[in-house]
Each structure stands twice: as structure tokens, then as C-alpha cells.
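Please read it with the structure open.

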Amino acid sequence: MAKDIYMGEVAANEEIQIDYFLMKVTLPLSFSEPLPGQFVMIRIAGLHDPFLSRPISIYSYTRGKSNCAIELLYRVVGKGTQILAGLIKGSQVEISGPLGGSYSIDHQKKNIVFIAGGIGIAPLSLLAEALCRKDCYSAAAMTFYLGAQTADAVVGLNRLRKLCYNITVCTDDGSLGQKSLVTKAFQKDIKKYSPSDTVIYACGPKAMVQSLSKILDGKYFCQVSLEERMACGVGACVGCVVAVKDGQGKLAYKRVCADGPVFDLQQIIWE
Amino acid sequence: MNPSNKKKDAAMAVEIGGLKLKNPVMTASGTFGYGEEYADYVDLNQLGAIVVKGLSLKPRLGNPPPRIMETAGGMLNAVGLQNVGVDVFIKEKLPFLRQYDVAVIANIYGESTLEYSQVAKKLSQAEGVHALEVNVSCPNVKKGGLSFGSDPKAAAEVTRRVKAETHLPVIVKLTPNVTDIAAIAQSVEEAGADAVSLINTLTGMSIDLKTRTPHLKNITGGLSGPAIKPVALRMVWQVAQKVAIPVIGIGGILTAEDALEFMIAGAKAVQIGTANFINPRATIEIIDGIRHYLQNNKIKNINDIVGTLRT
């Protein structure tokens, strides 16, 4: 037995933009340091409505002397996140994790490209931080494309500016940065990145990831973190599957929680 | 082990069709994977039994996503019995389970009576399988499953075919999606079933108002969780009065109190399903809770409360 369910305490839970919240949870030191891309299942201790825990990717991790803390960046989209949004400082939450696999970061490529849509910035921000910590070479090689519908939906930009010099911000309505889809902005620059010298990390809505898949056309190494409704978070319920090509190129359903949440973009089969 | 522990453990032991269990708490099929998924959270040795994810003759892809949706007090699923197939289970999953001192119950599924008997045969020859649970109640597959479980004759036929292929105790898992579940239970008892387990999920659905589409790709799914507990309890009570073989209670059990209700209604053992998803340690907490209940109420043996409902 190595894993546990941790009782966490909400240290802060702020609405940083309309409908976007940043929650800081303090946890015992036995909570292991998360890898970029990993997530937690969170639920309010003792509450059975909503019934299931919610999967949220880890945005940051800090370790102190007597405890550690994670930050979760989330958007209120339904009942579960609405109730999370109502939590005040000092509330108790049950956390299990860190769960799932992570982005692989042992690539010595010239260009490291991030493509995030909306809240998809959360795991990529943790990844950028990990890369910066690893070596300063990585920091210079990073380019971040961040997209959202409107300026109100751009979150995490200030923190990201401390990690990455090259950031292209896009909004659908042009209220911040370029008026463009984030994938289109990347496509305009694609000639700068040769497939052999580039690694791409992505996270965002399905439509964004699907459009990225078309643009890259299997020519680039690209890892993407996916989101699905989950029940268990540990691979038992087989509820959160995504269609992928297996080793023989045949259709298989892989669990986002246990086989992902990070997948090679090329593996994913789109309807 | 000191004598008082031994005594404590004897108080919790139950027997299901010749299979001796340390305690009456098992995992429900499809909610605990093949055991390994929860081994980091739970000492598997402490469980009464592990019922593994339903196995078919060939690997099954399962249904396309979305497969699950949360509902009031529970969830819908339409996984469609995605599984590795019986051969891969025996080769790759069973060795892991053999490391533990826990009863392993293989849940089996077939699209035909022949397939049920073939899967049963393979598992009976494998080392480390202690009983079979025959799934005649999956609501999410096109062939087999519920179609066998909703007809007393077909359910009996599957039971007979499986019994003919195995020396292991055979548990038949029943569907609640029938008019008279006791009639099906009696029919499989006559056909030789060693025990029945109930209930599987209730068919249900959920709709997305924005898109006017079902939340599940399969349109309908099986409802589980505390929402179904009263229905399950009623059915366990009805079946327990009609059959002499052990009844295993399943349906929305979250706590030891829930489990004890089922046992008072007539269940000799219980299975914990959806609760595992929200609390990976649910099984262990339920076992501890039952033990405390016995101690606090000075009940010497768990079997003494089975079927003691006062009406």
C-alpha cells in the first residue's frame, strides 16, 4: 500500500476571472511531488452530492517544512465545480493523487512549443516550470501559444510570463492579443519549427486538439493532455476512455485516468 | 496470531456455496478492475473476496465514449464489458492476484450459452480462481447479458451449462430489470446455482439540455450508487425468502450500516461497487464497521444477523 486519500485544507480559493478559480490546498508532506500533467481527484469531505470526485490537473506544487501545497486552476462548468467554488478558507477536501502519467520531458529539442486553450494552461504551466528548473537552455527554447474565447477567459498569463519569454496570446474576439484561434496562430509560425527539432505539448478543448492534429499531420512529436468525465480516477471503472490506435494500429479504448491523461497526439482517433 | 484475534476473525467468516470467506465483504465486478488498480490503497488480503471485471472468451472493446454520467446519488455507466478476455486474464492478471490470501471470484460473460461454458471451463482449470459469478444481467451489451437474465428458462440454461463445466461454486448475478426477480432466482437455484448475487444496475438515462442529446453514447446505461439502495434491499429481501441458497446483496452500499441492512434483509454477504470510486478504502472501512457493530451489540457471529428482519 503506497497511496492514500489525503485530507487537504483549502488555504485560498479565489475567483481570478469571472468563473475561473484558483484554489490552494495544503496537504501533508506524504503527498508526493506531482509530475507535470498529473491530476488529483477532489471531493468535499463527507458530502455525497455531487456524488463523484472531480478530476483537476495540478497547476503548481510547493513544499514547506511541515506541509506541502498544490494549486488547482478550474473553471466553473457544472454542479461539482460550482460547489468547489463556494469553498472558503479552512474547508476540508479529500484529495487522492497525484494520479495518472505525465508529459515526458527528456527531449533535447531546439524548440519547445506549448499550445494551450483556456484552462489547458494549468498542466502546461507546471510543465514549463519543471523545464525552467531543469536547465536555462529549456527556458530560452520555449514558445507558448495561449488561446481563449475572450480576454476574460485568459488565465494564468502573469505567472506564465515569469517562466516563458515568447508568448503569443490569441482570443476569438480579439479582446486580448491576436484575433485568431490559437491553432491558427501556431500554424502561421509552423515553418519556424522543423519537425525533427521540435517537441509540442498541448492541452485544451477537444476542438483545439483535433484541429492541431490536422495541422501537425503526424509530422511532429506532440503530447496532449486530455480531459474526460471520470468516476474512479485510478483505472477501475473504465469510464473515461478515449479512442486510440493500439500497437497494431487497431481501435482501442484507453483510460484517460490511468493510461493518460497525457497521450501522443498521433495515437488519438477522431470521429 | 493471538487467540483473541482468531476469535474475532471467526466471528466475521461466512461461507458461500462451499467457499469460505474471511468476512462477508467483496468487491463488485466492474468496480475494482482486476484488483491491481486498488492494491495501492487497500490491503487486498483483508477483503472477503475480489470479484474481477467481467470476462469474455475474446477481449472486448467496450462501448464508445462517453460512457459515464453522474446522477443524483449515483451514476450511469455504459462501459459495455470492455475486458482483456479470459486468456489474458489468466496469463497476466491472475498471477498478481495469486500473491494475495484472498478469494478470487471471476465474473463471466458470454454472447451465447456456449461462450459462457467455454469461459467457465478455462477459468476452472486456472490456478487461483475460487468461484465463478455468472453475469446474466449486463444492461449495456447487445447480445447476451440481460437477455439471459430476464428469462427464467434462459437463466437456468446458462447456469446448467456453466455448472457442467466447473467444480467451482457458481454464483448467478441477477438483473433488477425484471418484473419478478425472485422467479429468476428460483429458476437458477433449481438449475444448480450455489448462490445468487443481486442487484446489477438498473437501466436509466440522462439528457444534455443544451444539445438535446443523451449524456451517454449508448443512450441508456446502468444506474448504480446509493440512489438504488432501497430497490436493491427490497429485492434482496424478496429473493432471500424464496431461495435456500445464499444471497449476496449488492446495490448502493457506502457504509457498514448499509451492508448490515442487506444482511438483516437476508444477504449472507455483500458486494461493494460504486463506493470504491468515491472512496478507494470503502471496503476496508465497511469491514471494520461491521466488526465494531458486532462488538458493540455483543453479537458473537456475523451469520447470526443474516435474515433477522422483524416484520
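1. Two chains meet at the second largest cavity: β3 (39-44) and β6 (92-99) of chain A and α9 of chain B each supply at least two residues of its lining. β6(A) gives the most, with three residues. Helices (H or I, at least four residues) and strands (E, at least two) are DSSP runs, numbered from the N terminus.

2. This is a predicted model: local features need pLDDT of at least 70, side-chain atom pairs count only at pLDDT 80 or more, and totals for chains, interfaces and linings use all residues. Residues are numbered from 1 along each chain as its sequence is written, chains are lettered from A and ligands numbered from 1 in the order written, and side-chain values use heavy atoms, without hydrogens and water.

3. Of its 13 lining residues, A:Met41, A:Ser53, A:Ser96, B:Ile278 and B:Pro280 are the closest to its centre.

4. Why does the second largest cavity lie between domain 1 (5-99) and domain 3 (226-271) of chain A? Both domains give residues to the lining of the second largest cavity, so it lies between them. The domain bounds come from an automatic or database domain assignment.

5. The largest cavity has a volume of about 490 Å³. Of the 35 residues that line the largest cavity, B:Ser29, B:Thr31, B:Asn77, B:Asn200 and B:Thr201 are the closest to its centre.

Note on methods:
1 Å grid on protein atoms, 1.4 Å probe; cavity = no way out; pocket = protein on both sides within 12 Å on 5 of 7 lines; lining within 4 Å. Points joined across faces, edges and corners; volume = space filled by probe spheres on them.
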